[in-house]
Amino acid sequence: MPARLFLSSGDLVADRRFDFARDLQLRGDLAAAADLFLQAAELAPGFVSAWFTLGEVREQLGERDAAIEAFRKAQAADPEDRHGASLRLMLLGAAQLSAMPQAYVRALFDQYAPKFEAALINDLGYRGPALLFKAVLAARHAARKPAFFKRAIDLGCGTGLAASAFASEVDHFIGIDLSPGMIEKARATGLYARLEVAEMVEALRGKPDAGADLVLAADAMVYLSDLAPLLCEATRVLAAGGLLAFTVETHGGDGVILGEGLRYAHGADYVRASIADAGLTLSRLKELSTRTENNEPVPGLVVVAEKS
Ligand SMILES: C[S@@+](CC[C@H](N)C(=O)[O-])C[C@H]1O[C@@H](n2cnc3c(N)ncnc32)[C@H](O)[C@@H]1O
C-alpha cells in the first residue's frame with residue numbers, strides 16, 4: 001500500500017502531538033492514541049489528518065458513533081476530502097453510496113506511483129491487462145474481425161500496463177488519468193501518443209464522436225460508483241464496430257457496493273443492464289479475477305462490449 005497521507009496542521013505542537021499519537025497507535029495503545037489525536041485536533045481544529053486518524057482509531061476501538069463524528073470533522077476540515085473520509089462514512093453506513101472524491105484518488109495514486117507496478121504485479125499478482133487483451137482477441141476472433149485498432153483510449157491508464165499489453169495491436173494510444181504521478185510513469189513508457197491528466201468521464205466529454213476504435217479501462221472503473229455516465233460517453237466516442245473493454249470487481253448481489261478495500265464492486269446484472277442502457281452490445285462477460293488479496297482471488301468481471 002502507498003505511504004499514509006499526512007497533511008500538516010501548520011502548528012508545530014499539534015503536528016508533534018500527532019506524531020506521538022501515531023507511535024502509540026502503531027504500538028497498539030489505541031485508547032491513549034485516540035486521546036492524543038483528539039488533543040492534536042483540538043489544538044488545530046482544521047487538522048484533517050488528526051481527525052481522520054482519530055476516526056480510524058475509534059473504529060479499531062469499536063466506537064462507531066465517535067468514529068463517525070471524527071470522520072465528519074475530517075470531511076469538514078478538507079472539503080476536497082484527500083483522505084477519503086466520505087468513503088469511511090459510506091462503509092460505516094453513515095452516508096449514501098456516492099462518487100469517490102477525485103482529490104482522494106489523485107493523492108492515493110500520486111503516492112502510489114513510484115512503487116505501483118512492483119506492488120501490483122509482485123504482491124497482488126495483477127493480471128488485468130493480460131486478461132483484457134485475451135478477451136478482446138477472443139471477441140474479435142468470434143466476430144471474424146481483425147484485432148487491430150487504429151485509435152485507442154486508455155482510461156485510468158496508470159503507469160501504462162494496459163497499453164503495454166495492447167501495444168502490438170494499437171496504432172495510436174491516448175492515456176487519461178487523474179494522477180499526475182501515474183501519468184509521468186506512463187509518459188516514460190513511450191507508448192502513448194498523448195497523455196491527459198483528467199477525470200475520465202470529463203476527458204471523454206471533450207472527445208469527438210466516433211473518434212476511437214477501442215476504449216480500455218483496466219482496473220479503473222473500480223473507482224466509479226455509477227457506470228452510466230462513462231458508458232454513455234464511451235458509446236458516443238466509439239466508431240461503429242469499436243470496442244469497449246474493461247475490468248471491474250464484482251459481488252454476488254445486485255447493484256453497486258463499496259468494498260472494504262475502498263473500491264466499488266459492480267454486480268454482473270448491473271453491468272449487463274448498464275451496457276444495454278448505453279446502447280452497446282455485450283460481446284463477452286466472464287467471471288475472472290484480476291488480483292489476489294490476502295491469498296484470495298478478488299471476484300472480478302472482464303467485459304467486452306461493441307458499438308454496432
Ligand atoms: C489500479 S490503477 C490501474 C492502472 C492501469 N489501468 C493498470 O491496469 O495498471 C487505477 C488508475 O485509475 C485512475 N483513476 C481512478 N479514477 C479515475 C477517474 N475517475 N478518472 C481518471 N483516472 C482515474 C487512478 O489514478 C489510477 O492510476
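Visitor: Which residues touch the most other members of the largest nonpolar core?
Guide: In this predicted model, I153, L155, F166, F246 and V271 touch the most other members of that core, which has 81 residues.

Visitor: And what does F246 touch, leaving out residues up to four places away in sequence?
Guide: F246 touches L132, A217, M221, L231, V271, I275, L301, V302 and V303. Apart from this core lies another, of 28 residues, with F18, A34, A44 and W51 among them.

Visitor: Why does L43 count as partly exposed?
Guide: Its relative accessibility is 39%, so L43 counts as partly exposed; that class lies between 20% and 50%.

Visitor: Now E196: where is it found, and is it buried or exposed?
Guide: E196 is in strand β3, residues 194-197. E196 counts as buried because its relative accessibility is 11%, and the cut-off for buried is under 20%.

Visitor: With which side chains does the side chain of E196 make a polar contact?
Guide: One is the side chain of R194, at 2.8 Å. Another is the side chain of K207, at 2.7 Å.

Visitor: Which residues is E196 in contact with, leaving aside its neighbours within four places in sequence?
Guide: E196 is in contact with I174, G175, I176, D177, I183, A203 and K207.

Technical notes:
Residues numbered from 1 in each chain as written. Predicted model: local features only at pLDDT ≥ 70, side-chain atom pairs only at ≥ 80, totals over all residues. Heavy atoms only, no water. Core = buried A, V, L, I, M, F, W, Y, C linked by side-chain atoms within 4.5 Å. Buried < 20%, exposed > 50% of the residue type's maximum accessible area, 1.4 Å probe, protein only. Contact = heavy atoms within 4.5 Å. Helix = DSSP H or I, 4+ residues; strand = E, 2+ residues; numbered from the N terminus. Polar contact = N/O pair within 3.5 Å; in protein donor to acceptor, adjacent residues only side chain to side chain.
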